[in-house]
Amino acid sequence: MQKKLLITGGAGFIGSHVVRLFVQKYPDYHIINLDALTYAGNLENLKDIEHAPNYTFVKADITDAEAMSELFATYTFDGIIHLAAESHVDRSITDPNAFIQTNVMGTANLLSAAKTTWKNNYEGKRFYHVSTDEVYGSLGATGFFLETTPYDPQSPYSASKAASDHLVRAYGNTYHIPFVITNCSNNYGPNQFPEKLLPLFINNIRNNKPLPVYGDGKYTRDWLYVIDHARAIDMVYHNGKNGETYNIGGFNEWQNIELIKLLCVKMDEKLGRDAGTSAKLITYVKDRPGHDRRYAIDANKIKNELSWTPSVTFEEGLSRTIDWYLANQQWLDHVTSGDYQKYYNTQYAHS
Ligand code: NAD
Ligand code: TYD
């Protein structure tokens, strides 16, 4: 019998890579991609697989409880990989409500629909919540986030993701829904909406626009190539233990300013510009309120238990990422028109 797998948020950045991986790797699964197609969701991301016989797209909003119940009743999914979310910290500072609605209420709706549909028959079922390392808060100069690190979210985005993680665990504990959660570090790669650091800066360099570095630029993130996150999701979905959490990271910490300088060097090379041209665009701007100083993941649990390690070096991933954005200017132009332009003008108004 064909397995029916719901992937939410599959038209977004990470979701589209996960959908592609599953559609291509598991022809015997029926992959149902549910996405509301917000500003961040783009079916252009999935053009290459949209006609695959084992793939169906459903446009729906996870905040619509009735629609979720109906969808679950129609398909009685075997599993869910839940990625749909509002995902950008800066937007969460401007409009926290949208984050609470989608990330908290939306996740609650999916859990409730799963519980009702599966009716205590959980054999072979799995609810997989894709979460973030930001739920752990901010690190000082040393130390790493472990799966046991207490939650200490600092932004409306991370608080809403923490709340949804808690709900998933509560449904597991109370109703025995089989679940897994992964908390991943910053992803980069093709198809990321150019409001996040790397695609925004690549696009700005291409257009000779300032590179707005928040605060002193000495904030640290741990970067992972998106394809390696999708590989980890595949491994955890199939081999992770019920009720467990796995941290996923790149073993790859960078201070923002060092990463930006490296990006500038690479962009000069790729664009055939004189060395130092792009770095002149670096502009220090007002800091993000409540900006977390450092994220760093200890990913040894998934490495030791599931034999996952990143397959793409940072040098290779960054090079592939820049090449993709330079080769896909039409994609960038499409997603940066209209509403995004308004957001950009407001977000960076006082830079
Ligand atoms: P994204 O913003 O690129 O994509 C989110 C997708 O969810 C979009 O396609 C959007 O249309 C859809 N969506 C939003 N609200 C919806 C709703 N109410 N109903 C249905 N669909 C809706 O995000 P991303 O960067 O791909 O992140 C995906 C998931 O991974 C999120 O849960 C995020 O918290 C998590 N995550 C992201 C990162 C990262 O670095 N980007 C790191 C760790 C975890
Ligand atoms: P971002 O890509 O928004 O991811 P997150 O906030 O989830 O880590 O930002 C990555 C880092 O880059 C973060 O420290 C904020 C910083 N940043 C800037 O300095 N300027 C910018 O314009 C953006 C979008 C981010």
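Tyr-188 and Tyr-225 are both buried in this predicted model. The rings of Tyr-188 and Tyr-225 form a tilted aromatic pair, with 5.4 Å between centres and 55 degrees between the planes. Tyr-188 belongs to strand 7 (residues 186-188) and Tyr-225 to strand 9 (residues 220-225), so the pair ties together parts that are 37 residues apart in sequence.

A second tilted pair is made by Trp-254 and Phe-314, whose rings are 5.3 Å apart centre to centre, with 40 degrees between the planes. This pair also links distant parts of the chain: Trp-254 is in strand 11 (residues 253-255), Phe-314 is in helix 10 (residues 314-327), and the two are 60 residues apart. The partners fall on either side of the 20% cut-off for burial. Trp-254 has a relative accessible area of 22% and is therefore partly exposed, whereas Phe-314, with a relative accessible area of 12%, is buried. In total, the structure holds 18 aromatic pairs. Ring pairs also join Phe-22, Tyr-26, Tyr-29 and Tyr-237 into a cluster.

The shell around ligand 2 consists of 19 residues, of which Glu-134, Pro-212, Arg-221, Arg-288 and Tyr-348 come nearest. By residue class, the shell comprises 10 nonpolar, 4 polar and 5 charged residues. Helix 6 (197-206) and strand 8 (211-214) each contribute at least two residues to the shell. At the level of domains, at least three shell residues are drawn from domain 1 (3-188 + 222-248), and at least three from domain 2 (197-220 + 254-292 + 313-347).

A polar backbone atom of Tyr-214 is 2.9 Å from an oxygen atom of ligand 2.

Conventions: Residues are numbered from 1 along each chain as its sequence is written. Chains are lettered from A and ligands numbered from 1 in the order in which they are written. This is a predicted model: local features need pLDDT of at least 70, side-chain atom pairs count only at pLDDT 80 or more; totals for chains, interfaces and linings use all residues. Side-chain values use heavy atoms; hydrogens and water are left out. A residue is near a molecule or strand if one of its heavy atoms lies within 4 Å of it. A polar contact is a pair of N or O atoms within 3.5 Å; within protein, one must be able to donate a hydrogen and the other to accept it, and residues adjacent in sequence count only if both atoms are side-chain atoms. Helices (H or I, at least four residues) and strands (E, at least two) are DSSP runs, numbered from the N terminus. Ala, Val, Leu, Ile, Met, Phe, Trp, Tyr, Cys and Pro count as nonpolar, Asp, Glu, Lys and Arg as charged, and the others, Gly among them, as polar. Domain bounds come from an automatic or database domain assignment. Rings of Phe, Tyr and Trp (its six-membered ring) pair if their centres lie within 6.5 Å; planes under 30 degrees apart count as stacked, over 60 as edge-to-face and the rest as tilted. Buried means under 20% relative accessible area, exposed over 50%, partly exposed in between (1.4 Å probe, protein chains only).
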